[in-house]
Structures are given as C-alpha cells and as structure tokens.
Amino acid sequence: MAFPGWGDPLSPASTHVSPYYIENTIEDTSVPNIVTAVLADYRGYDTMFETAVIFSAGIACLFLLRRMKRKKTDFRHYRHMATGITLRIEQGGKIHPTAKEFERIDGLWVPHDLIIRTTGRFIIPFIQIFALYVIAHGHYSPGGGFQGGVILGASFILFAISNDLRSALNRMGERLTAFFYTAGVSLYAGTGALCILLGANFLDYSALATILLVDPVTARSYGILIVEIGVGIAVMAVMVILYYNLVSAGKFDEGL
Amino acid sequence: MSRHFPALIIVIPLISAFFIFAAGGLKKTYCFYIAAAALAISLFSSIGLLLQVLQNKVVVYHFGGWAPPWGIAYRIDYLNGIVLVAVAAISFLNLVATKKSVEKDFTEKIGLFYTLYVLFVTGILGIVVTGDAFNLYVLLEIASLTGYALIGMGTEHAPLASLNYVFMGTIGASFYLLGIGYLYLATGSLNMLDIASILPNIFQSNVVLLAFVICLTGLFIKMALFPMHAWLPNAYTYSPSPAISLIAPLTTKVMVYVMIRFLLTVFTPSFSYGSMAVSTSFVWLAVIAIVVGSILALSQKSLKRMLSYIVIAEIGYMVGGVWLGNRAGLTGAILHIINDAAMTLCVFLVAGNILYRLSGDSFDNLKGLFRKMPFSMGAFVVGALSIIGVPPTGGFFSKWYLISGGIAAGHYGFVIALLFSSLVNVVLFFRIFEIAYFEPSDCPHISDRMDEEGKIFNDAPLGMLVPLMIVAVGLIVLGIFTDTIVTKVIQFAIPGEIS
Amino acid sequence: METIVSIKPFLAVIVSILAVPLIVSTRRANFREGWTFLAAFAKFSIIASMTPLILDGVEIEYTIAQVLPSVAIKLRVDSFGMLFALVSSFLWIATSAYSVGYMRGLKEHSQTRYFSFFALSLSATIGVAFSANLLTLYLFYEMLSFATYPLVTHHQDMEGRSSGRKYILFIVGSSIGLVLPAMLFIYHMTGTLEFANQGFIAGIVSPKLIWILVLLFVFGFAKAAIMPFHSWLPAAMVAPTPVSALLHAVAVVKVGVFCILRVLTGVFGTQLLFSFQMDTILLYLASFTIITASLVALSQDSLKSRLAYSTIGQLSYIILGAALLSPKGMIGGMIHIAMHAFGKITLFFCAGAIFVATGTKNISQMAGIGKRMPVTLGCFFIGALSVIGIPPGGGFISKWYLLLGTLEASQMVMLFVLLSSSLLNAAYFLPIVYKAFFCTPEESLFENKINEAPPWCLVPLTITAICSIYLFFYPEPFLSLAKMASVGIFSRP
Amino acid sequence: MVDLLTIIISKYNYWGYIVLMMVGLYAMIVKKNLVKKIIGMSIFQTAIIFFYVSIGMKKNATIPIISHGHDGGERAVHAVDFINPLPHVLMLTAIVVSVATLGVALALAIKVYRQYNSLEEDVIDSLIKEK
C-alpha cells in the first residue's frame, strides 16, 4: 500500500474511524458541528489535557519570568500631566497607580496617540462580542472554546497595546487573570470529576442528565457547552498572562 | 471507586495542581501538603491497579464512556502496571525528600514550583498509562513543557541549556507526532491496540516502515540516545536539584518504556525484530552510547555532570537490551527501567543534599564529606554499588539479565560494553570515595557544627535523609525480590512469541 | 549424604554484621572491643557447634532469598567450607585480641571504623566458605573486596590511597571483568550455578570454552594472587599489621584460593579437568608462581613484604595441590589452608609485635633482636618452621600430603618444585632467626635486656604458635574434614 | 518522467509539508540567533499540522457540520459527504501545544537575554568561554 493521493475518499484515514463520528454525532450528542463533538466529547480527554498544556505554559512563564521583588537600585520617572513637572522616585518606590494625574515615563514610554486609543476603544467591544459568539456558537458553526478564547484574549491584548500595560493591569489584574485560567481548567476537569461522582466514567457527560434534568443526549451537548466555556475562559486568561509576562519581562509594571 | 483508578492516577494530580496554584497565592505552606496528598493518592491507586492487573491480567478504562477506537481508552497490563508503580513511588519519595531544599531555592515561587511538579508527574504517569497514541503525545508535551520550566530555573547557564532542550525536545516530539500521523494515514486509527490489529495486513507497506522509523527517531531524541544526547548533560547539570532528582530518573526511562510499548504492542515483535540487520545495528548504537557515555563521564569534574553522563550510558543499557530482541534482554531492559530509575533517584538525591549544604558539587567541594555527611554518603555508596552492579543491589540483577541476553543473542560487543562500563563506574565512584574520604575538608562551610568527638558533622536535615534512606534500602530490596518481580510481572509483560 | 535445613549458617554469617551497628554506636573503646569479642566468640561457637554434624557426613543448607530462576542466595555447609570457616573464625578471635594490643599500642586513629569493617569482612569470609552456588560466592567475594578497602587504606596517607587504588583495581576489576562473564556463560549454558561434587558442566560445554572458563576463574579470583595478578598483595601490606595478618594471611587470600578450589571441584569437576589435561597448565602456573615468589621474597628487606611474597608462594601450593587432581594432593591443598594460616598469622603477629616494640620494619635492623624479644622470636621460629614444612611445624603435614599427591599423580617435576621451594623458604626465613639470636654483641643492634611487646600482642601470637605445633601432632578436625571433602570430590558417580 | 510528475502532482500535499519542514529544520540548525531558531521551531510544527490537515481532506466533500439539528434528522448522513473531522480535532490540540511551547521558549529566551544581554549564540558562547 503506497501513500494515498490528495483527498482520496477511500484512504484508510477516512474509512476506518472517522465515518463513525460523521454518521453518529447527531444521535450521540446532538451537536451538528462534528469537530466540536469529537473535540469535546469523543476525544474530550485529549482536549482537557491540551487545556492543561496551556495552563502549564502560563504557569511556566510565571515561574520563569515573574519577578516578585524589584531591585532596590532602579528608579522611576513620573510626569504630572497638568504641570508637566517630572518627578524621579528612587529605590523602586512608585506612585499609587490610581493617582490619575501622574503618568509613568520609562524607556518604552511614548506620547499617547489619540487615533489608536479611540479606534481601540471602538473595536474592542465588537471583538469581545464576536468572541463570545464564537464560543457559544461552536455547536452549530466553526468555532468553539479555543478560537473564541483566543479572540477574547486578543481583545485584551489590543487594549494593552493601544493604551499601556499599566491601565490594562488596572482593568484586568494579575490575580484576576490567574483566577480565570485556574477556574477555566478546573471547570473542565471538575465536570469530568462530577461525572465520576455521578457514577459514570470520567468525562461521561451523559451522567449529567440526572442533575441537568434532560435526556442523556442533550446532557452531552450541554456538557460540551460547559467545557467549551471553560476552555474559552482558560485560553483567554492564559493568552493575556503570557502577553503580560513576555512584554514586561515578568516585572508587570511597564511594557509596550 | 477502584473502578476509576486509571482516571484517578492522572486526574487527582491534575486537579490538585489548580489548588496548589491557588494556595501559592494565599498560604504557601499548604502547597507541599496538597501535592503530597495528591501524589500519595495516585501512588495508592497505582498499587491498586497493579494488584488488579495481577488478578485479571489487564485493566481497561474508557474515558467519556466511548469505546476505542472512537474514544480514548486507558489500558494497564503487566508492562505499564509495574512501571506505573515505580514512577508514582519515585515522584512521591522525591517530593518528600526535597521539601526543605525547595523551600530554600524557591522561597518566592513555592506554589508555582509545586504546580509544575505535579503537572510533570501527571504527564509522566499519563504517558505510562495511556493506550492512545495521540493522547500520549499531549501528555508527553505536558511533561516536557513543565520539565523545560523546572530546568530553566536552575543555576549558571540553565536558561540556555533549557532552551536547547526545548529545541531538541520539540523536534523529538514533533517527529513522534509525525510518525503517529503516518500510522493514522496507514490505519485510520489512533488506538494502540486497534493499530496493532490492523497493521499485520499492511506490514510490507512503506508507509508503515516510514512511521516506524520516524517514531523511533523522535523517541531516540527524547531519550537522549547517543548521537542525540547533546542536550542532556547541560540541562541536567544546571537544573535545580529538587527538580532534577525528579526529571533525571523519570523522563528518559519513561521514553524507553514508550519504545518498548511501541515495539511490542503497536508494531508487533514480528515486525519490530523482523530484520536482523536493523536490530543489530541499533544494539551497536547502544554499545557506542554506553562506551562514549562512560568515557565522557570519566572526564568530568563535577558530580551532577558526571552522573548525567552515566545516565546517557544507562540509556544505552536499556536500548541495547530491548533491541537484543530476546526474552532475557527485554526482561533486563524492563527491570533496568525500574532499578535505574531508583538508583538514579538515589544518587541525584544525594547530590541534592550535598548542594543543600555545600556551595557547589565540583569534586574539590566533596573533600571530607564522609565525615561531614555520613548518612548521605552512605546512601551514595549504596547507589554507587547498584550502578556499578554489585550484588545484592538491584543494578546487579538487571545487568545480569542484560548480559545473559547479550550472550543468548551472541552479541558479544554488547556484553563487553556492559562489563567495560561497570569497570569505568568502579573507577568513577571510587575516585569520588577517595576524595570524599581521604582529603581533609579544607573549606569549612557555614553552619558546620561539631559533634561530641570534635568532628564536623553537617548532614542534611532528617526530612531529607529519611526518604533517601528508604530509597537506598529499596535498592537492596529490589535486588532481593528480583525473582518475584520477574516471575510475577515482567515475564507476562513480554509476548510469548519472543523466546 | 543427607541434608538438613537450619538457620545456623545464616546466623554464623550475619552475627558479625549485627555487631557493626553496636560497634559504631558505642563511643567507649572498651565496650567497642567487647562487642567485637562477643561477635567473634559467638561466630566461632556457632560454627564449632555445626562441626560434629558435618563430621557425621551431614550437610546443612539455608536459603536466604530466591533471586533468579533456579538460582538463590543460598548457604550450604560442607566439610571443605567447614574447614575454612573454622580456621578463619578461630583466628578472628586471636586477631581481635591482637588488634586491641596493636591499635592501642600505636594509638591508631578511627578505630571504630577499623573494628566495624573488620567484622564486616569476617561475615563476607564465612559467607564465601558456606556459599552453595556461584552467585552467592560472587556476592560475598565482592562484599569482602569492598569491606577490606577501608582497612587497606586505613592510614589515609598517599601510600595507603595508591595501594588502595591498586587493590580495588586488581580485585574488583578482575572479578567484574573475568569472573562475572564466566559465571554468566555457565549460567547461560547450564541454567544453574549450584556447586556439585562432580561439577555440573561436564558434557554441556565445549572443550575450548572450558579452557577459557578455567583460566577466567583462576585469574579472575585475583585474591589468590597467582602471578601476574599478585602485585596488589605486597602493596596492600601498608595496612596495619593485624589487617595484613588476618586478611592477607587468612581471609582475603585464602578466600581467593578457596574460591578457585570450589570452582574447579564444584563447577568443573575433577574428571572433566583431568580429561582435558587441565591439570598441566594449572600446575605450571602454580609452580611458576611458587618459584618466582620465593626468589623475590629472598630479595626483600622489609619483613612484611617478605612475608607477603612468601604468602604468594604458599597460596600457589594450595592451587598446585588441587591441580594435581589426586585425592592426596587435594587433601594436602585443603589442610594447607589451615596449616599455612596458623603459621603465617604467627609470623605476621611477630612482625607487628616487633614493630610495636621497636618500630623496626626491616630485617637488616633486626640483628640481635632475639635477645630483647625472645618469646616473639621463638614464636617466629615456630611459625617459620611450620611454613617451611619442618616438623614439629603443622605445615609439615600439609606438605607431606602434597608430596604424596605429586607421587600419586606421578608429577615428578612438581615434587622437585615443592622441595626446591621448601629450600627457598628456609633460605629466606631461617637467616632472620639466626641473626636475631646468634650474633656477636658488636653486631647486635639491641641492648641485652628483655623488653617484649605488650601482652595483648604477645599472648595471641604465642597461642597461634602453640596451635601450629599442636596441629602437627593432632591435625584434627581439619585432616578428617579435608579427607571427607576429597572423598566426596573424587568419589566416582 | 511523466508518471513521476503525476506522482508529484497527485501527492503535492506531502511535498509541501516536507519542504516546509525542511525550512523549519534549516532555521533551527543553521541560524545563530535564538529567536530565529524559535521561529524555525514553529515553522517546523506548522508543517506537521499542515500534513495532518491534508490527511483529512476528501474530494467533493463539505465541512463536517451537519446542516440541521437533531430534531430534524430525516436526511441520512453519509460519511463521504463530509471531510474527515478527526485530523482537525487533533490539530486543534497540536496548535495549542505549539503555542504553549512558543510561549515557554520565548520566556526562556528573555531569561537568556537578561543573563547575557545577547541572543546571538556565538556571542553567548564566547561569554561562557571567558568565564
């Protein structure tokens, strides 16, 4: 047997396992998007671990880069926007970030560009709406947790770029992000564990029928939705935390 | 609950990772205890699984309730049952043994460290237990990513070494993934048993051959077999000691396990050992690995670096034993996966204790250590004897099986290489004993205190010593119970067609 | 040949290991040595209590652990093993007493380590004596090698380290490099390693391979110090004298020859060796070593190294006796283990006593020492007689049997070798005694008043000297044990 | 010659991914700049993703989404009408993995830069040699 040609419908790849998915997805899970069904149910266990991979990537970056203490030697410049006086603060001290009339000036500081800011402000809500749509509508159209999560994360990153990291951190702080990606992954793993507690195998969503008060098939489709949401949250948060880490080299206070 | 052991082994550490991460933000002291509890549970359930396997040969678990090949199934038989217990036990012991030095090295980041630790263990355990070729890839990546991070936080040139490890590791994993792709192309399935049932009809296909070759290449890179070993020494030398005493015993050995799994289960032996020329040439590769590893180890000047070259040589032992393709050789290889993991853990834990007390692990720093750290060095002696291969330690018996496998296969190059490396190990370790024994310690260290005979006594704290002692005793116990392990478990792990 | 299962052999092995933690944990010197004595006496009494059974032709077995299919870590006490065990366990008592005197006399450092490793190596020795199969033999052989390393390097100076290096390199190198593969080959061919009176590889292994295996074993057990694998022995003489005495006159070297005899008889079997003319090569190896060692010994001025080379020669007597493949020769070889042990340990004790009392190591500075230490030198004379093989030294018996063996096997060359080497022995021992006693006052280097070594040294060496005379008159139970053993070995199946 | 050409044409997906893979390998082996190596790494992984996705392709079949919910399942579903969903699923995982690897690799690169103030391998090597 040689290599099957391009798009050969009789190749073993498309005749052995995959037809089962295509022909039984509706009966098994009532999810029209077969990819979503396979991703989150038939091979849901893989997907849980790919979420775990993302999670561990986030942790790894924190572990490698995050600087808990700052060096005593470095100093900061702050500019009082009203008067234009620039203060220099030694020994790593900082003006409280909520003090709006001061702005931080560092090596990466650029005078703010009105156009970029406003465009960002306009676009970001639409991006986020679209992201939520992609997550929620993964059952019926291309999309799902990962895609949606990445788009959602992109919206935050866009905000951080168009303004600066500090204001992004004010909106979505480190702890909040951490909470999100922990919550996201544990939502996934927790659903699986719940299935064990309900007496079925791990990640066997049909067991959720008893608490969701629906028939097992619909329960599977709900279960898929739940884990997709978990994935979405986790991916979004990890994208954001990766960005924070990498741009600020783990110091979380300056950056693009 | 015992029905869910296969899931619990993996899922409990995974879920505990989230709690550890949370605890790292709130109360750092909890992290260790959560991790210990999680790993204890997975150790417990792995032992339970082994007992189930001894009872009814094989345990299968369908995730999501989907039967393979459509769903992902875990399949525990004699082969991975025993490896599973070894992995779980080692990761648990190391966790307990390194508590103090983690607190010393990562005061800020204890939470993150333990999160990565349990995630790594999750990955490794998953690799051992899974029955799905692609699932194995994902778990492999979890283990690798966390491993990169743990190594990257080491001393000196650790980040660079770790980055090179990332490159090599990624190439290895990607090759494995590609091989799986070809298998999927040829069979249309990802479940190991299903693939095995389909392959015999299409053995002569060159797609299968390509898949075989590419998978092996990936695994060889991952297990640092000789020509692809370049990443290992630096990564192991500079990495933080509590991490390396976890990574060094597990990563490479588990990769050897995966290779055995592929040769025996996925590509059935009739295919794997089909061509004499191929297997012989692989044994010769192993011989080169053993000889080169031993010789390079001779030229090292610091403990951890020397040990990491010994690890490279040990990989040669196992790969050679596997490719001998006879019962004795395979028995030796599987036995050596367990013994070598245990003795690597032992010596690396000692290296950790030394680094916990001393400024460095270069040979000059080892002077007078037998006085200063008698218990650690005592354990080190046991580990060394096991690596040299002195009865009744476990190392002797696995070496025994490997050599008799070599004789049975009439492959005397392998036999000679094994004997040679044992002799080199004698030289290596007695050199260290001499230094640690005779040279007066000229560099008194901070917090050296005198005992009543006026000797400097400064061994590692009890919390680190007790697990180390358990490991050292375990080496001898493994040796004494070799026959039980072989006759009760390993001989069933090898398919009957191999004589 | 009935066999009973009893834990006694295991106890005999383990008792001195059990003493180690006690020795380590006790700080006071007296208690420490007390433990050593306790262990020594316990060991000896256990072994002695088994002797009558053995003399009745019973064999005692005990399986410690099943480690490989059809191979266990297993002890079996037979007459030959019992002979060796008796000798070494008895001499341990004497040596412990002597060690106390010696170590205290010289205020040696780290005596705890010394005594504990001493006990450990004794366990290994008994283990070798009682081992029922090749694997067990190998296990205890290696254990002995590693346990004696700290004793050899006791002084921790440059010299001690280099000789320690040499020691480990020769002993462990040869055992891993030669014995281990040979053992594995045999296991691969036959599937078993149990010693049998007639050997167990007859007819299974090809002649050419048997030649190789025999040589692997004979050189692999380098503790037997057959040339060219002998040079560790003189080097190891840097160790404290009691160590040299017990380990290099009794335990270590005798373990070497014991192993060789065991393997030749228990693995290959005399018929097999005979049928392949294996005896000739062994005989010539042995006789070469005997003559060369004796010649070298002549040229040594340091007393201990002269003794060392004489040991090398005497060990090959035993090999030669076994290689004659004749019952009498075998008996001679076996009891020579005992006789030479008593004689040589006396000599070493004397050397140590002289060193303690006067600090001299070299023979050239011992002129007239007899005036000062008459008892010591008297015992030295007896020991020398025994080693040379002149009545009333016990060595005469063994040499007598050896000569009978050469006649029995009609090996006239060997007869000649033995006789000439006896002359050489006389030539390198008697002058010492002669100079020590009969020299003109102006030659004498010592003032003419008696000033012996401390009694802790003196008593043991007199005891061993008396023993070696006693053994000339009553060579029991060793002779009967050896006879039983050789009967078993040469009994036609 | 012609049939060779037809082979190449009919199986161009394999050649495509092989070329891409070689580009990635080349970058990882030859380039001295660590970031370029990292880029090469992701190209390498992308090549494999491309290969997998190309496996899933089926001639005259549509995307694996059944156009109606499970209440109205009257029209029978035939496997030949939909392309193979499994490779896409696997590659979603693989993409995520490669992103994660990329993140960790970049983090390490930043650490390296912090340590040596350079990402050029030969510069770093010379720095190490000096010590």
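Q: In which helix of chain B does B:Glu434 lie?
A: In this predicted model, B:Glu434 lies in helix H19 of chain B, which covers residues 412-438.

Q: What separates the C-alpha atoms of B:Glu434 and B:Phe370?
A: The two residues are 64 residues apart along the chain, and their C-alpha atoms are separated by 9.8 Å.

Q: At what angle do the axes of H15 and H18 of chain B cross?
A: A helix pair is read from its axes, with the N-to-C direction of each taken into account. Helix H15 (residues 327-357) and helix H18 (residues 394-408) of chain B have axes that come within 8 Å and cross at roughly 155°. Angles over 145 degrees count as roughly antiparallel, so H15(B) is roughly antiparallel to H18(B). The crossing in which H15(B) passes H18(B) is left-handed.

Q: Which residues make the contact of H15(B) with H18(B)?
A: From H15(B) the contributors include B:Ala328, B:Gly332, B:Leu335, B:His336 and B:Met343. From H18(B) they include B:Gly394, B:Phe397, B:Tyr401, B:Leu402 and B:Ala408. By class, this contact has eight nonpolar, 11 polar and no charged residues.

Q: How many residues of chain A are in contact with chain B?
A: An interface can be described in more than one way. The size of an interface is often given as the accessible area lost when the parts come together. Counted by residues instead, 42 residues of chain A are in contact with 47 residues of chain B.

Q: Which helix gives the most to the side of chain A that touches chain B?
A: Helices H1 (12-15), H3 (34-42), H4 (44-65) and H8 (174-197) of chain A each supply at least two residues of that side. H4(A) gives the most, with 14 residues. By class, the side of chain A that touches chain B has 27 nonpolar, nine polar and six charged residues.

Q: How many helices and strands does chain A have?
A: Chain A has 10 helices and three strands. Along the sequence, they follow the pattern α-α-α-α-β-β-β-α-α-α-α-α-α. Of the 256 residues in chain A, 48% are buried. Among its contacts between residues at least 6 apart in sequence, 64% join residues at least 24 apart.

Q: What is the strand order of the open sheet in chain C?
A: The open sheet of chain C has three strands in the order S1-S2-S3, with mixed pairing. Strands S1 (3-5) and S3 (71-77) of chain C are the edge strands, each pairing on one side only. On average, neighbouring strands of this sheet are turned by 35° against each other, direction ignored.

Q: In what sense do S2(C) and S3(C) pair?
A: Strand S2 (residues 59-68) of chain C and S3(C) pair in the antiparallel sense over seven bridges. Opposite C:Val77 in S3(C) stands C:Ile60, and opposite C:Ile73 in S3(C) stands C:Ala65. S2(C) and S3(C) form a hairpin with two residues between them. In the turn, C:Ser70 has a positive phi of about 70°.

Q: Why is S3(C) called largely enclosed by the rest of the structure?
A: Five of the seven residues of S3(C) are buried, so the strand is largely enclosed by the rest of the structure.

Notes. Residues are numbered from 1 along each chain as its sequence is written. Chains are lettered from A and ligands numbered from 1 in the order in which they are written. This is a predicted model: local features need pLDDT of at least 70, side-chain atom pairs count only at pLDDT 80 or more; totals for chains, interfaces and linings use all residues. Axes are lines fitted to C-alpha atoms, for helices over the stretch in contact, and angles run from 0 to 180 degrees between N-to-C directions. Helices (H or I, at least four residues) and strands (E, at least two) are DSSP runs, numbered from the N terminus. Angles under 35 degrees count as roughly parallel, over 145 as roughly antiparallel, 65 to 115 as roughly perpendicular and the rest as oblique. A crossing is left-handed if the near helix is turned anticlockwise from the far one by less than a right angle, and right-handed if clockwise. Two residues are in contact if their C-beta atoms, placed from the backbone, lie within 7 Å. Ala, Val, Leu, Ile, Met, Phe, Trp, Tyr, Cys and Pro count as nonpolar, Asp, Glu, Lys and Arg as charged, and the others, Gly among them, as polar. A residue is buried if 20 or more other C-beta atoms lie within 10 Å of its own, exposed if 12 or fewer, and partly exposed in between; C-beta atoms are placed from the backbone. Two strands pair if DSSP finds at least two bridges between them.
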